[in-house]
Each structure stands twice: as structure tokens, then as C-alpha cells.
Amino acid sequence: MANIRDVARLAGVSISSVSNVLNNRTGQMGEETRMRIERAMDALDYRPLRPPAPRDNDRAKIIGLLVPSIVNPSFSALAHAVDLSARAYRYRVLLGNSYRREDEESAFIEDMFAHGVRGIIVAASDIRKTHFVRAAERGMRVVSYDNRFSDSMAEETRIFDSVSMDNAEAGRLAAQHLIERGCQNVVFATEATLTMSRNHKIEGFLAALRHHRLPVRRRVIEGTARSEYGDSEMFELGLTLAAKILALQPRPDGIVAINDALGIGLMAGLRAAGVRVPAEVSLVGIDNISLSSLADPGLTSVMPPLAEMAQLMVERLISRINNHALPPGEFLFPPSFISRQSVRSETS
């Protein structure tokens with residue numbers, strides 16, 4: 001059965017253009033483009049189901065959750081926490097994988113509107129993109145997860161809620177712990193395509209090094225995944241980054257990983273090279289996924305208060321759906337430290 005993506009592909013247009021035709025928003029569309037879309041719909045026999053628009057007091061008790069990739073354990077944990085929080089309010093959660101692609105994000109938004117959904121949580125994506133802004137202008141309540149407002153954005157111009165862990169503090173805590181345990185040559189391992197949250201973690205990491213008068217140049221070691229951002233490849237990326245880190249001179253004695261999945265991959269790569277963790281190299285991750293406690297050795301990690309963050313995001317969506325006058329807000333949560341066996345115990 002054909003879908004909106006098939007129509008857009010056949011007509012050679014964007015998904016949002018097809019959506020505009022479906023919703024009679026063709027005022028600024030060229031006649032040739034509109035006819036090309038309609039011909040594609042006829043050729044594919046595309047007839048989308050159109051549920052009746054729900055009344056304001058009879059909205060579907062559903063919220064949307066858009067993540068880059070559910071394969072990434074960090075986003076799997078987020079989905080679980082959001083689902084549990086939503087169930088407490090008798091809401092259901094519709095999940096979408098965006099792969100950080102604008103066409104997938106736009107399609108998910110249109111699907112939510114078609115199902116009468118008026119609230120979505122958008123994880124780790126640039127919320128400033130046009131399709132998110134237009135969705136908010138059309139009445140969609142949006143919470144941005146793990147993507148803070150820029151400092152230049154005035155409060156009165158904000159149209160989304162923002163809920164994040166203090167990623168700069170997470171990076172600082174991870175580096176601080178390694179330094180306190182006697183590590184002197186500390187590096188930060190990450191995928192090369194940086195996001196705002198990744199940048200903040202690196203900033204916190206470098207701030208800790210500066211505080212202890214340790215060198216900051218060439219401290220960030222990057223690997224390139226096959227897919228942009230590497231959301232579904234973090235274990236594999238950590239495995240390959242291990243060799244790159246071990247080739248550095250002098251060899252690092254402490255590593256902060258951008259997330260736990262990459263950190264577990266690093267441990268596997270170090271072990272394969274005959275390097276002992278933590279005796280020779282100490283390692284700290286960020287996110288505290290469930291696999292971290294099962295790794296060998298257990299991975300020390302910096303943890304977001306995920307349950308509390310998920311509860312707030314669900315509450316904000318429901319509150320703003322029911323009260324259109326409620327202004328958006330920014331909420332920043334402090335991380336906590338989970339000590340396991342991947343960091344050496346001696347302090348000198």
C-alpha cells in the first residue's frame with residue numbers, strides 16, 4: 001500500500017508539499033507542482049484515511065515521541081520512561097524513528113496531526129527547523145529533549161518546552177572523576193558529527209581539564225560512523241576508536257565516552273588489544289544505560305534523572321494541550337554519578 005513518502009518520491013517533491021495538497025494548503029504552490037502531486041497520487045492509488053478532526057475537548061489521548069534511532073540504548077531507555085509516565089495519565093505513545101532526516105521528521109508530524117495528536121516530544125533534534133516551527137504554529141505542543149535553547153533566544157520568542165540534562169556538568173563530572181583518581185592524560189571519545197548536547201559535554205570536559213591545568217589541545221578524539229551522527233552504531237564506533245586512542249603518544253590513561261554504548265564498545269576494543277581496564281586505562285561513560293552494570297568491568301557513568309525528566313515532559317505536554325495560554329519553559333536537570341569498576345581506585 002502506497003504512503004505519503006511514495007507519493008513525494010514519484011512526484012519529485014517534499015513530503016510537506018504532498019501534505020499541503022492533502023490539506024488544501026495550495027495557495028502558494030505552483031499549478032504544475034500541484035498537478036504533478038495529484039497525478040502521482042492517482043498513479044499510486046493513494047487515498048489516505050482521513051479521521052474526523054477531534055474537537056478541542058475530545059482530543060486523542062495520545063502523544064508522539066520522535067527519536068533519532070531506537071537502536072541507540074539511550075533512546076530506548078527514554079522511550080520506556082516516557083511510556084511509563086504517559087500510562088500514569090492514561091495516554092498512549094506513538095513512536096517514530098527520524099534518523100535525523102528532515103523528511104522523516106516532517107512525515108511524523110503530519111502523521112500526528114492526521115491522528116488528532118497535539119503533543120510530541122522531539123529527542124536530540126534541531127528544534128529550530130522550519131517544520132517544527134510550523135507545527136507549533138498549527139497548534140502542536142512540542143517538548144524538545146536534550147537540545148537546549150540557545151542563549152540568544154529571548155523567553156518571549158520561545159514556542160517549545162525544553163527539557164535537558166545539564167550536559168556540560170555531565171562532561172565536567174566525568175573528567176573530574178578521572179583526574180581525582182590520578183589520570184593525567186585524559187581524552188574525550190565521540191562521533192565526529194557534533195550536536196548541541198555533544199558540544200556541551202565536550203565543553204564541560206575541557207573546563208575540568210583547564211581547572212586542573214591539564215593540556216586541552218587534541219583532547220577530543222573523533223570517529224566517523226557510516227551513517228551521519230552514528231546513532232545506531234555507537235558500540236561499533238567505540239570498538240574502532242580504541243585502536244585510534246591506543247596509537248596516541250603518550251597513551252591516554254583515562255577516557256570519557258560521549259555515551260555508554262560507545263564506552264562499552266571502547267572497552268571491548270581495549271580488551272581485544274590486550275589493554276586492561278582500569279589497570280592501564282580508566283573509562284567513564286555518560287547516560288548510564290542498563291547494559292553498563294553488566295559490562296566487564298562495570299562501566300562507571302554519569303546518569304540523567306530520566307524518570308523525572310520523562311514525567312515532566314509528559315506533564316508539560318498535557319498541561320499545554322489543555323491550556324493554550326501556558327507559556328513554554330526551559331528545564332535543566334543535574335546529572336548524578338554512578339561509580340563502578342572501570343576507573344582505577346588509587347588517587348596517585
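Asn-72 caps the N-terminal end of helix H4, where one of its side-chain oxygens lies 2.9 Å from the backbone nitrogen of Ser-74. Helices here are DSSP runs of H or I with at least four residues, strands are runs of E with at least two, and both are numbered from the N terminus. This is a predicted model, in which local features need a pLDDT of at least 70 and side-chain atom pairs count only at pLDDT 80 or more, while totals for chains, interfaces and linings use all residues. Residues are numbered from 1 along each chain as its sequence is written, and side-chain values use heavy atoms, with hydrogens and water left out.

H4 has 16 residues and reaches 23 Å from its first C-alpha to its last, close to the 22 Å expected at 1.5 Å a residue, a span taken as 1.5 Å times one less than the number of residues. Just after H4, Arg-90 takes a positive phi of about 60°.

Helix H10, residues 260-272, reaches 18 Å, and at its start a side-chain oxygen of Asn-259 comes to within 3.4 Å of the backbone nitrogen of Ala-261. Ten of the 13 residues of H10 are buried, so this helix is largely enclosed by the rest of the structure; buried means under 20% relative accessible area, exposed over 50%, and partly exposed in between, with a 1.4 Å probe and protein chains only. Among the buried residues of H10 are Asp-260, Leu-262 and Leu-270, and the partners against which its buried residues pack include helix H4 (73-88) and strand S6 (186-191). H10 is followed by Gly-274, whose phi is positive, near 80°.

Definitions and conventions
Contact means heavy atoms within 4.5 Å. A polar contact is a pair of N or O atoms within 3.5 Å; within protein, one must be able to donate a hydrogen and the other to accept it, and residues adjacent in sequence count only if both atoms are side-chain atoms.
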